[in-house]
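Colleague: Could you take me through one part of this model in some detail? I would like to see how it is put together before I look at anything else.

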Amino acid sequence: IDYLKSTFNSLASNPISSSETFVYGTSGFRMHNEKLDIPLFATCLITFLRTLYCGEFIGIMITASHNPPQDNGFKTIEPKGEMLPQSWEKYVTSIANSVKEDQFDTFLNTFFVIASEALKDVDIYNKDIKIIVGRDTRESSYRLVTFCKQFFNSVVKIFQKSVNFIDYGVVTTPQLHFIVRKHTLLKQSNKYDLPKEYFNEFFQPFINILNKSTHSKFKKLYIDCANGVGAVQLNQLKESFKNKTDKLEIELINTDYKDFSKLNVDCGADFVKTNQKLPQGVSPALAMNPENLFCSLDGDADRIIFYALDENSNFCLLDGDRMATLIGEYFIKKTPKNFWEDIKLGIVQTAYANGNSTSYITEELKLDVKCAKTGVKNLHHDAVENFDVGIYFEANGHGTVIFNDLFITKLKQENLTELSLFVNLINQAVGDAITDMFVIVAILIHLDINAKTWFSKYTDLPNRLVKCVVPDRTQFKTFDFERQLSKPEGLQDSINQIVSAPNSSKKTRSFVRASGTEDVVRIYAESSSMESVDAVITEVLK
Ligand code: 16G
Ligand code: ZN
């Protein structure tokens, strides 16, 4: 109690965070690092309860992904690599906001009420506390890890429990998901050599595919590391790459993670997707060469975007929609016709998926497509629920493929060697920029196509995504997978009128939703011309 009290006192009196309302959302807590002490304390407390509840390792990832360098954040990772269950998100949110109240007794009461509700019917006495932490390269990340370490050391003393606290240092978010899952499945309590385990699992199969290949359409892969953790991890990979294959050359760009101010600045997946332009370090001449392939990771390497320039210097964005469709096409091409008669292959997208990608999936690929709410866990859930092989991607480059035993059994029965090698590249636990990169490159190799041919599969509808600052974004309530608003009243009717104006194309679509990561609402529109997109955006903004 003394420890909790002294920690509480030092946090509650902090004027920087007392005016904040904390919400543990789709990506955990995320904000300016100076405001994060209370959310971190709450994250440690919930992780403590969660490890007692599960009796297994729980991970804490310290990262703010594609946000600017001064931000940071946390999310917890479940024993098998999933995200915190929704029912516990409200617990951690209440704990954080109760610290802010400035009354130790109120906080303690809130914590005990939550602890007894969350842990009711759970025998916590024979369970150890098992924590795994990892962090991205941000300047503030080390300070935050140190707080976690102190917290769990103090917990040992308070609760007289044994604590197994493993710090994996600077790792990508998907690597931390991977290792937490591995500890759980193999009941391992000692620290692994994480990069080695991770690369053995996914990199060796990629090398095997490369070395068997006879592809001819591209020679070099440029990877923009956003000056973040991708650079730390891929540097190690690049070295062994050179010794293992001569089938593809790899060049890393934007690798200066030591200069904290450069993280995600003018580079990285989010920059490329949002601005639809080349990142720092890639010249137009380089990007026009069809023998080069380009991709950008985000700040914690869980998202990836590919791109190229065509011969007229037009920017060709190969985003999450393009990756999902390419993977879908690959599965169809590499299986006999009757393969999918008794197992289901399908794609999950969000409202942000380009309308023409959805038409391509249903009309050309003739696959089932489902729409999910924004946030990887929603897409992941829908892919598992609806399909035996479920491909899910957000347009922003976040996604992966999941498959079940039915598929694996059939793969073996049919003796499909190429596809069997290919599925080893997939990190089913979570969207992972590095493994997604292997997946996409392997497909391009197996289909023997380059970025330009990939881009020519369909044409995106012109579109734009803008932000709008509103007094209270919680007033914006959606339904129909965020494609329509139920509140504020009347707003959806106005949007419908704008979209169906007499000279508007049939393909025009627009929706508004509150961001889960920033204090804004987002407005998306697509139509058959950019003029019409802008006209719609202007009207909806009004
Ligand atoms: C979070 C989500 C990401 C989503 C984004 C939307 C996870 C791990 N991350 O970063 O998938 O695209 O939020 O942000 O789920 P928004 O709500 O601000 O539009
Ligand atoms: Zn990310």
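How far apart do the end C-alpha atoms of residues 112-184 lie, and what percentages of the span are helix and strand?

Modeller: Happy to. This is a predicted model, in which local features need pLDDT of at least 70, side-chain atom pairs count only at pLDDT 80 or more, and totals for chains, interfaces and linings use all residues. Residues are numbered from 1 along each chain as its sequence is written, while chains are lettered from A and ligands numbered from 1 in the order in which they are written.

Between the end C-alpha atoms of residues 112-184 there are 28 Å, and the span is 52% helix and 21% strand. Helices (H or I, at least four residues) and strands (E, at least two) are DSSP runs, numbered from the N terminus. An unreviewed UniProt entry lists residues 58-101 and 112-184 for "domain: Alpha-D-phosphohexomutase alpha/beta/alpha"; UniProt positions use the numbering here, feature names are shortened, and annotations may be inferred rather than shown by experiment. In the other listed piece, residues 58-101, the ends also lie 28 Å apart, with 34% helix and 27% strand.

Now for the strands themselves. Strand 4 (residues 129-135) runs parallel to strand 5 (residues 163-170), and 6 bridges join them; strands pair if DSSP finds at least two bridges between them. Together with helix 6 (residues 141-159), strands 4 and 5 form a right-handed β-α-β unit. Right-handed means that, with the strands pointing away from the viewer, the path from the first strand over the helix to the second runs clockwise. In a regular strand, side chains alternate between the two faces of the sheet.

For comparison, here are two residues from elsewhere. Cys267 sits in the loop between strand 7 (249-253) and helix 10 (269-275). Cys267 is buried because 27 other C-beta atoms lie within 10 Å; the cut-offs are 20 or more for buried, 12 or fewer for exposed and partly exposed in between, with C-beta atoms placed from the backbone. Beyond four places in sequence, its contacts (C-beta atoms, placed from the backbone, within 7 Å) include Asp224, Asn254 and Ser296. Cys267 and Val282 are 15 residues apart along the chain, with 9.7 Å between their C-alpha atoms.

Ser10, by contrast, belongs to helix 1 (residues 2-12). Ser10 counts as exposed because it has 11 C-beta neighbours inside 10 Å.

Key:
Contact = placed C-beta atoms within 7 Å.
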